[in-house]
Amino acid sequence: MIIQCIDFIGASAINICTSIGEFTLFFFYALKTLFTSKLKISKTFAQMNRIGVESFSIIVLTGLFTGMVLALQTYIGFQRVGGEQFIGAIVALGIIRELGPVLTALMVTGRAGSAITAEIGTMIITEQIDALKTLRINIFQYLVVPRIVASTVIMPFLTLFSMIFGIIGGYIVCVYVLELSPEDYESSIRNYVEIADINGGLKKAAVFGLILSWVGAYKGIYTSGGARGVGIATTQSVVASSILILITNYFLTKLLEHM
Amino acid sequence: MKDAVNKDTIVKSKIKIVNLEKEFEGHFVSRGINLEIPEGQMTIIIGRSGEGKSVLLKQIIGLIQPTSGSIIIDGIDITELTGKKLDECFKKFGYVFQFAALLDSLNVYENIGITLIEQGYRHEEILSIVKEKLSLVQLSEDTLYKYPSELSGGMRKRVGLARTLVTNPEIILYDEPTTGLDPITSRVIHELMFDMQKQLKITSIIISHDVETFKYADKVALLNDGKIQYFGDAKTIWESDNPYIYQFIRGLTEGPITKEITYFKDKA
């Protein structure tokens, strides 16, 4: 029983270390490919369209309603201490520094990160990747790098829209629902939000874009076991990306504080 | 049993496989395969499902690394090569997949011309080459901008073959090219493979369960229990007294090929 237990722990530890090693090497191989071979521009733009442009509507909705809810919740607390004039700044800072980048990343992970895994995973099980290999096409150059570059580049733009619509959502609630002064909302944003806040949010977005495409492509390439395998890989991709984004968010926030 | 490595062969060997072994999680799929593939001829590899025929093909083309042994192509052991030298060697190969493995996001033109597109050829050049290959596999130009989902199984296999021909390979490996096709389409594919091999002097290796394929082939190899149990002329295969080939081509349940049959008997 004890030996079985040790055996299980040992095997699990080896599996985890192997996965981390594969995951890291996957990234370095993608990085090497990016710097040693020509970037497929048309494929990168096509992926920007799929990951970014096609996610635009859900990002707008997410940003808008997050801003609206944040304004409502902030109002409840701030009304008690007579700080309604600061709601604009709180909504804007919350959206710009945290909620915009994180929620956008989580939404894009669910929509585009899962699609990256499912698409590459399906190509694996239907031997399309093997076909590319037999044609001597570098699958990192053809499939992986365009997705990672596209996602990393497009995520700050998506997040910027999320921020804008979040602030608009907050404005709608403050002005038309809570009937607060629009001047207070605007001036508190102008007085308390700095360019550095926006920069920080956009930097986070780029890192989250890298994570979701890296995990998505990695899980896709390592898919096995038919249609069920694609389903499992897609679920794992969304879960792993989301967790990594949340953990990375903490460390990035700490890091950006000191920059 | 005949020796699979024919030392006195008059036709030059294109591929020589020596003591090839492949292990997956403690289970040996290839257990010391020895085989010589003659140049410019069509060799069929037969054997029951799960015997590792596709694994053997994938080892030859480098999709799977062998555990041990050698694969010698034109006198060069590719298992000892790495990087660009290995890539150069693999340029001699084409691979036709069991279900064609066409990229479903690309149309027929893009699928056939993918290597040329990736190498930066001009559209006019690609189109002319793609049309030429399309006519070689007897497909009309109407299919050029169709997607794989709009094609029949036979058409997809022909597109897969055309895609392979774009790189002008010296060796083509076919993984069960007629599986799932009706007898007429199967015959068309067989004749197409035969014509390709004769016209272009291509060395072909075909994995097939289809007895019809013997008519077109020069050599037959039988893979059983991870080893080549028979290698000989396809024309005289029906006269062979090799117990493995005798049992296999007649579909007999009694004989030296017993592994799976015993399993079913036990279950019964």
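A salt bridge is a side-chain nitrogen of Lys or Arg within 4 Å of a carboxyl oxygen of Asp or Glu. This tour begins with one such pair. The model is predicted: local features need pLDDT of at least 70, side-chain atom pairs count only at pLDDT 80 or more, and totals for chains, interfaces and linings use all residues. Residues are numbered from 1 along each chain as its sequence is written, chains are lettered from A and ligands numbered from 1 in the order in which they are written, and side-chain values use heavy atoms, with hydrogens and water left out.

**Stop 1: a salt bridge in chain A**

Select Arg111(A) and Glu54(A), whose side chains meet in a salt bridge at 3.3 Å, N to O. The pair links distant parts of the chain, 57 residues apart: Arg111(A) lies in helix 4 (residues 87-125) of chain A, and Glu54(A) in the loop between helix 2 (41-51) and helix 3 (56-81). Helices (H or I, at least four residues) and strands (E, at least two) are DSSP runs, numbered from the N terminus. Arg111(A) is partly exposed, with a relative accessible area of 30%, and Glu54(A) is partly exposed at 41%. On this scale, buried means under 20% relative accessible area, exposed over 50%, and partly exposed in between (1.4 Å probe, protein chains only). Over all chains, a search of the whole structure finds 22 salt bridges.

**Stop 2: salt bridges in chain B**

Move to chain B and select Asp74(B) with Lys14(B), a salt bridge whose closest N and O atoms are 3.0 Å apart. Here too the pair links distant parts of the chain, 60 residues apart, with Asp74(B) in the loop between strand 4 and strand 5 (76-77) and Lys14(B) in strand 1 (residues 13-24) of chain B.

Next, select Lys91(B) and Glu88(B), which form a salt bridge with their closest N and O atoms 3.0 Å apart. Lys91(B) is partly exposed, with a relative accessible area of 47%, and Glu88(B) is partly exposed at 49%. To display a network, select Lys12(B), Lys14(B), Glu39(B), Asp74(B), Lys92(B) and Glu170(B), which are joined by salt bridges that share partners.

**Stop 3: the interface of chains A and B**

Show both chains together. The contact (heavy atoms within 4.5 Å) takes 15 residues from chain A and 18 residues from chain B. Between them the two chains bury about 1500 Å², 60% of it on carbon and sulfur atoms; buried area is the accessible area (1.4 Å probe) that two parts lose on being put together, summed over both.

How many salt bridges cross the interface of chain A and chain B? The rule finds 4, including one in which the side chains of Lys58(B) and Asp130(A) meet at 3.7 Å, N to O. Now highlight helix 5 (residues 128-134) of chain A, which gives the most to the side of chain A that touches chain B, with 6 residues.

Ile61(B) is buried, with a relative accessible area of 0%. Leaving aside neighbours within four places in sequence, the contacts of Ile61(B) include Thr134(A) and Arg136(A), as well as Phe90(B), Phe93(B) and Leu173(B). For a sense of scale, Ile61(B) and Gly26(B) are 35 residues apart in sequence and 23 Å apart in space, C-alpha to C-alpha.

**Stop 4: aromatic rings**

The structure holds 17 aromatic pairs over all chains. Rings of Phe, Tyr and Trp (its six-membered ring) pair if their centres lie within 6.5 Å; planes under 30 degrees apart count as stacked, over 60 as edge-to-face and the rest as tilted. Select Tyr109(B) and Tyr145(B): their ring centres are 5.9 Å apart and their planes at 40°, so the pair is tilted. Tyr109(B) counts as buried at 8% relative accessibility, and Tyr145(B) as partly exposed at 47%.

Return to chain A and select the aromatic cluster whose members include Phe23(A), Phe140(A), Trp214(A) and Tyr222(A).

**Stop 5: Thr248(A)**

Finally, select Thr248(A) in helix 9 (residues 226-257) of chain A. Thr248(A) is buried, with a relative accessible area of 18%. Apart from residues up to four places away in sequence, Thr248(A) touches Val207(A), Phe208(A) and Ile211(A).
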